[in-house]
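Thanks for coming. I have one structure today, and I will go from a single residue out to the whole chain.

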Amino acid sequence: RVEWDLSPEGIVDEPFLRERRADLQGAVRLRVHPASFYSKACLRDALPPTLQHISFSFFEVGPNAGRRPKPRTETNEALSVFSELPALRSLGLSWSYCIDDSGAESLAMLSGLDQFELESDITDHGLLRLSSLHGLRTLDLSCSSKFTGTGFATWPELPRLRALVLSQCAEV
């Protein structure tokens with residue numbers, strides 16, 4: 001298990017990764033709080049293919065990660081990196097309000113997920129895109145307040161789903 005607790009101003013960049021590259025060899029679990037990455041390349045370098053479980057809070061990618069203005073575009077584009085992880089089964093993205101509908105398409109490609117936590121700014125349109133996550137056992141969308149739930153209307157049956165958490169989703 002690899003855990004990085006960064007200061008609010010901390011960012012995962014090349015110098016940070018150089019110092020910790022050995023920690024990542026063969027890692028199965030990675031937790032980063034707050035998960036601020038300087039670039040998509042830095043995110044990719046921090047994710048060994050052996051990862052099965054990722055827990056990121058305040059996930060942001062870009063030179064402004066952790067600061068204003070918030071890097072929505074870079075963050076949503078960087079989500080595609082998670083699809084390069086063949087063993088990924090659990091992804092937690094709490095307090096990740098830079099993620100919106102433009103990132104939902106990349107998240108929908110993570111068909112191997114068993115557990116998925118997403119606290120974000122997706123709307124019903126983004127929720128609809130997530131319907132391809134057929135293998136989920138747990139879907140936690142707590143505190144995501146931009147969707148009403150109509151995005152679930154055309155979801156297929158999910159026979160493995162055991163928990164759907166919509167706590168504090170005020171618009172549902």
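Before the residue, one definition: when I say contact, I mean heavy atoms within 4.5 Å. Also keep in mind that this is a predicted model.

The residue is S36. It sits in strand β3, which covers residues 36–37. Buried or exposed? S36 has 2% relative accessibility, so it counts as buried, the cut-off for buried being under 20%. What is S36 in contact with, once its neighbours within four places in sequence are set aside? The list is L6, G10, I11, V12, E60, A65 and G66.

Now the chain. How many helices and strands does it have? Five helices and nine strands. In sequence order the pattern reads β-α-β-β-α-β-β-α-β-α-β-α-β-β. Along the principal axes, the C-alpha atoms fill a box of roughly 45 × 35 × 25 Å.

Next, contacts over the whole chain. Taking those between residues at least 6 apart in sequence, 60% join residues at least 24 apart.

Of the 172 residues, 48% are buried, S36 being one of them. The chain exposes about 8,300 Å², and 51% of that comes from carbon and sulfur atoms.

Last, charge. There are 18 positive and 23 negative side chains. The centres of these two sets lie 4 Å apart.

That is what I have.

Key
Residues are numbered from 1 along each chain as its sequence is written. This is a predicted model: local features need pLDDT of at least 70, side-chain atom pairs count only at pLDDT 80 or more; totals for chains, interfaces and linings use all residues. Side-chain values use heavy atoms; hydrogens and water are left out. Helices (H or I, at least four residues) and strands (E, at least two) are DSSP runs, numbered from the N terminus. Buried means under 20% relative accessible area, exposed over 50%, partly exposed in between (1.4 Å probe, protein chains only). Accessible areas come from the Shrake-Rupley method with a 1.4 Å probe; for residues, only the protein chains shown count as cover. Lys and Arg count as positive and Asp and Glu as negative; His and the chain ends are not counted. The place of a charge is taken as NZ of Lys, CZ of Arg, CG of Asp or CD of Glu.
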